[in-house]
Amino acid sequence: VQTCALPIFGEMLQAEKSWRVDQFPGLVENRRQALRTVVTDLRRAGKRVVGYGAAGRSTILLNFCQLGPGLVEYVVDMSPLRYGKYVPGVSIPIVPPDVFHADPPDFAIMTAWNYEDEIVRKEQAFLKQGGSFIVPLPDVRVVQSA
């Protein structure tokens, strides 16, 4: 049986403090509130908001931020296997890209934020028509046509 030496434990705690791990829950909550505020303000202003991408991370993001069908109209996805289904937990319908392109929303939450450059290149027509992407992480920001 191994035991943890207290000096090593103390060093680990000091390292965590220097990394500001104790601030992580507050940072996460701040980002959650920032995204909710942006989306609710847009909806109050009569803007249409959708999600862009129905991968697993979108499910986590939409559920954690409590963004349901009253705030997010639908989630567009490229996979035909997801069409006609709903994002678990928030019951937002998943639709094909032709729905997104036929009647573009005002804003699309980019749930695959790690593919931002690729999505922006691919959706230039959406941006040039006045649409905007909401990039939720690492900080909430809006991407518009240049």
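Me: Which residues touch the most other members of the largest nonpolar core?

Reply: Val39, Leu62, Leu67 and Ile109, out of the 19 residues in that core. A nonpolar core here is a set of buried Ala, Val, Leu, Ile, Met, Phe, Trp, Tyr and Cys residues joined through side-chain atoms within 4.5 Å. Buried means under 20% relative accessible area, exposed over 50%, and partly exposed in between, with a 1.4 Å probe and protein chains only.
Two caveats on the source: this is a predicted model, where local features need pLDDT of at least 70 and side-chain atom pairs count only at pLDDT 80 or more, while totals for chains, interfaces and linings use all residues. Residues are numbered from 1 along each chain as its sequence is written, and side-chain values use heavy atoms, with hydrogens and water left out.

Me: OK. Which elements give two or more residues to this core?

Reply: α2, α3, β4 (92–95) and β5 do. α2 gives the most, with 3 residues. The labels come from DSSP runs, helices being H or I of at least four residues and strands E of at least two, numbered from the N terminus.

Me: And what is Ile109 in contact with?

Reply: Skipping neighbours within four places in sequence, Ile109 is in contact with Val39, Val49, Val50, Gly51, Tyr52, Leu61, Leu67, Val72, Ile134 and Pro136. Contact means heavy atoms within 4.5 Å.
There is also a second, separate core of 16 residues, which includes Val50, Tyr52, Ala108 and Val143.

Me: Back to α2. How many residues does α2 have, and how far does it reach?

Reply: α2 covers residues 24–44, so 21 residues, and reaches 30 Å from its first C-alpha to its last, close to the 30 Å expected at 1.5 Å a residue. The expected span is 1.5 Å times one less than the number of residues.

Me: Which of its residues are buried in α2?

Reply: Arg32, Leu35, Val39, Thr40 and Leu42. They cover an arc of only 160° around the axis, so they sit on the same side of α2. The arc is taken from the directions from the helix axis to the C-beta atoms.

Me: What covers the buried residues of α2, and what's on the face turned away?

Reply: The cover includes β1 (49–52), α3 (56–64), β5 (107–110) and β6 (132–135). The face turned away from the buried side carries the exposed residues Asn30 and Arg44. Just after α2, Gly46 takes a positive phi of about 85°.

Me: Switching to rings. How many aromatic pairs does the structure hold?

Reply: It holds 4. Rings of Phe, Tyr and Trp (its six-membered ring) pair if their centres lie within 6.5 Å; planes under 30 degrees apart count as stacked, over 60 as edge-to-face and the rest as tilted.
Tyr52 and Phe100 make an edge-to-face pair, 5.5 Å centre to centre with 70° between the planes. Tyr52 lies in strand β1 and Phe100 in helix α4 (residues 97–102), so the pair ties together parts that are 48 residues apart in sequence.

Me: What about Tyr52 and Phe133?

Reply: Tyr52 and Phe133 are edge-to-face as well, at 5.5 Å centre to centre and 90° between the planes. This pair links Tyr52 in strand β1 with Phe133 in strand β6, 81 residues apart. Tyr52 is buried at a relative accessible area of 4%, and Phe133 is buried at 0%.

Me: Which residues form the aromatic cluster?

Reply: Tyr52, Phe100, Phe126 and Phe133 form one cluster.

Me: Last topic, Thr111. Where is it, and is it buried or exposed?

Reply: Thr111 lies in the loop between β5 and α5 (116–122). Thr111 is buried, with a relative accessible area of 1%. A polar atom of its side chain lies 2.6 Å from the backbone oxygen of Gly53.

Me: What else does Thr111 touch?

Reply: Not counting residues up to four places away in sequence, Thr111 touches Tyr52, Gly53, Arg57, Ser58 and Leu61.

Definitions and conventions:
Polar contact = N/O pair within 3.5 Å; in protein donor to acceptor, adjacent residues only side chain to side chain.
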